[in-house]
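This report describes selected strand pairings and helix contacts. Please consult the sequence and structure shown below.

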Amino acid sequence: MIAKLVGRVDWLAASRVIINVSGVGYLVHCAGRTLADLEMGAVASLFIETVVREDRIELFGFASRPEQEWFCSLTSVQGVGSRVGLSVLNALSIEELVAAISSGDAASITRAEGVGRKLAARIVGELKDKDLPVIGEKGLRSVTGGPSAEAISALMHLGYKHAEAAAAVTQAMGQVGPDGSVDQLIPEALKVLAA
């Protein structure tokens, strides 16, 4: 299984890239957000999710591990294949996706090509209470440890669901910084939840 590729960008298209690693060209499917950061001839580093089917093996590339984890979480939902998973990541940033899932806003997810109302509702329903990576001020990160995890736990003890608390703490991290203390994160997160 291929987990990561580092090589020169030999070709770019709307949803694919060829990464040349020591003379071997790997065709990798990517979301538009990932492709936007790649340049012809430049060295690229992509985390890879290898999808094996009966008739082919496909590689899906991501700029970060949390983005890859979101892809895996999305494709774990019944009816969400690899293409639809990429489509969701193309249509919504991870921050928007966290907000949509935590608030139960399935309509936002229908912006993704190939996602109707029923599938969007299923995505929200199945992922709402899962512990998923979120985005902070300095990029993608998980809120599963440290002060952010403590802040989420405190909000959950106040009656908020995990996804709501995680989204609020993510936004709070944008205000106080990713290294903020629990005492700083909780009041900011409560302001977000009260808005």
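Which residue is the bridge partner of Trp11 in E2?

## Basis of the model

The model is predicted, and local features need pLDDT of at least 70, side-chain atom pairs count only at pLDDT 80 or more, and totals for chains, interfaces and linings use all residues. Residues are numbered from 1 along each chain as its sequence is written, and side-chain values use heavy atoms, with hydrogens and water left out.

## Strand pairing

The bridge partner of Trp11 in E2 is Ile18. Strands are DSSP runs of E with at least two residues, and helices are runs of H or I with at least four, numbered from the N terminus. Two strands pair if DSSP finds at least two bridges between them. E1 and E2 (residues 16-21) are antiparallel, with 4 bridges, and a hairpin of 3 residues connects them.

E1 (residues 4-12) also runs antiparallel to E4 (residues 43-52), with 5 bridges joining the two. Within E4, Val43 stands opposite Arg8.

## Helix H2 against helix H4

The axes (lines fitted to C-alpha atoms over the stretch in contact) of H2 (residues 65-75) and H4 (residues 94-103) come within 11 Å and cross at roughly 40°. The two helices are therefore oblique to each other, a class left after angles under 35 degrees (roughly parallel), over 145 (roughly antiparallel) and 65 to 115 (roughly perpendicular).

In the contact (heavy atoms within 4.5 Å), H2 contributes Pro66, Glu67, Trp70 and Leu74, and H4 contributes Ile94, Leu97, Val98 and Ile101. These residues comprise 7 nonpolar, no polar and 1 charged.

## Ser87 in helix H3

Ser87 belongs to H3 (residues 82-91). Ser87 counts as buried because its relative accessibility is 13%, buried being under 20% relative accessible area with a 1.4 Å probe. Not counting residues up to four places away in sequence, Ser87 touches Ala112 and Glu113.

Key:
Axes fitted to C-alpha atoms, helices over the stretch in contact; angles between N-to-C directions. Nonpolar A, V, L, I, M, F, W, Y, C, P; charged D, E, K, R; others polar. Buried < 20%, exposed > 50% of the residue type's maximum accessible area, 1.4 Å probe, protein only.
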